[in-house]
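Here is a short report on one protein chain. Take a look at the model first, then read on.

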Amino acid sequence: MSSRGKRKDEDVRASDDESETHAPAKKIAKPADSSDESDDIVVCNLSKNRRVSVRNWNGKIWIDIREFFVKDGKTLPGKKGISLSVDQWNTLRNHAEDIEKALSDLS
């Protein structure tokens, strides 16, 4: 038998009435005013659904460039985006002239 297959004893289920009455646990959403989001500072809106913000998350400061979407009347962050540490932000900022030159060369 391969190591990926299930063991026979894992396939055996208890058939007593108590095991069938338990519903799976429901996920509980975080409240909107959780401490993760309280330190967000929106620096600018790049477009309708994109924004730059600076935030404190898990005790570290991040520069967040992200797309947002609206669900049930709430604006929520999407998966598309990047969070830069302060060191990464400084590296990008120090290369701004190089980026400008590359843009002008390609224009």
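Predicted model: local features only at pLDDT ≥ 70, side-chain atom pairs only at ≥ 80, totals over all residues.

## Around V54

V54 belongs to strand 2, which covers residues 50–57. Is V54 buried, exposed or partly exposed? V54 has a relative accessible area of 26%. Buried means under 20% and exposed means over 50%, so V54 falls in between and counts as partly exposed.

V86 sits 32 residues away from V54 along the chain. The C-alpha atoms of V54 and V86 are 9.8 Å apart.

## Overall layout

The protein chain has four helices and four strands. Their order along the sequence is α-α-β-β-β-β-α-α.

Of the 107 residues, 10% count as buried. The chain exposes about 10,000 Å², and carbon and sulfur atoms supply 53% of that area. Take the contacts between residues at least 6 apart in sequence: 6% of them join residues at least 24 apart.

## Salt bridges

How many salt bridges does the whole structure hold? The search finds four. One of them pairs E67 with R50, with the closest N and O atoms 2.9 Å apart. E67 lies in strand 3 (residues 60–71) and R50 in strand 2, so this pair ties together parts that are 17 residues apart in sequence. Both partners are partly exposed: E67 has a relative accessibility of 25%, and R50 has 43%.

D64 takes part in two further pairings. R55 meets D64 at 3.9 Å, N to O. R66 also forms a salt bridge with D64, and here the closest N and O atoms are 3.2 Å apart. Shared partners join R55, D64 and R66 into one network. D64 has a relative accessible area of 5%, under the 20% cut-off, so D64 is buried. R66 is buried as well.

## Rings and charge

The structure holds zero aromatic pairs. A ring does meet a charge, however: the charged end of R51 sits over the ring of F68, 4.0 Å from the ring centre.

## A nonpolar surface patch

Which residues make the nonpolar surface patch? W89, L92, I99 and L103 do, and the patch covers about 330 Å². Helix 3 (86–94) and helix 4 (96–106) are the elements that give two or more residues to the nonpolar patch.

L92 is placed in helix 3. Its relative accessible area is 36%, so L92 counts as partly exposed.

Conventions. Residues numbered from 1 in each chain as written. Heavy atoms only, no water. Buried < 20%, exposed > 50% of the residue type's maximum accessible area, 1.4 Å probe, protein only. Contact = heavy atoms within 4.5 Å. Areas by Shrake-Rupley, 256 points an atom, 1.4 Å probe, with all protein chains shown as cover. Phe/Tyr/Trp six-rings, centres within 6.5 Å; stacked < 30°, edge-to-face > 60°. Lys NZ or Arg CZ within 6 Å of the ring centre and 35° of its normal. Patch = residues over 30% accessible without salt bridge, like charges linked within 9 Å, V, L, I, M, F, W, Y side chains within 5 Å. Salt bridge = Lys/Arg side-chain N within 4 Å of Asp/Glu carboxyl O.
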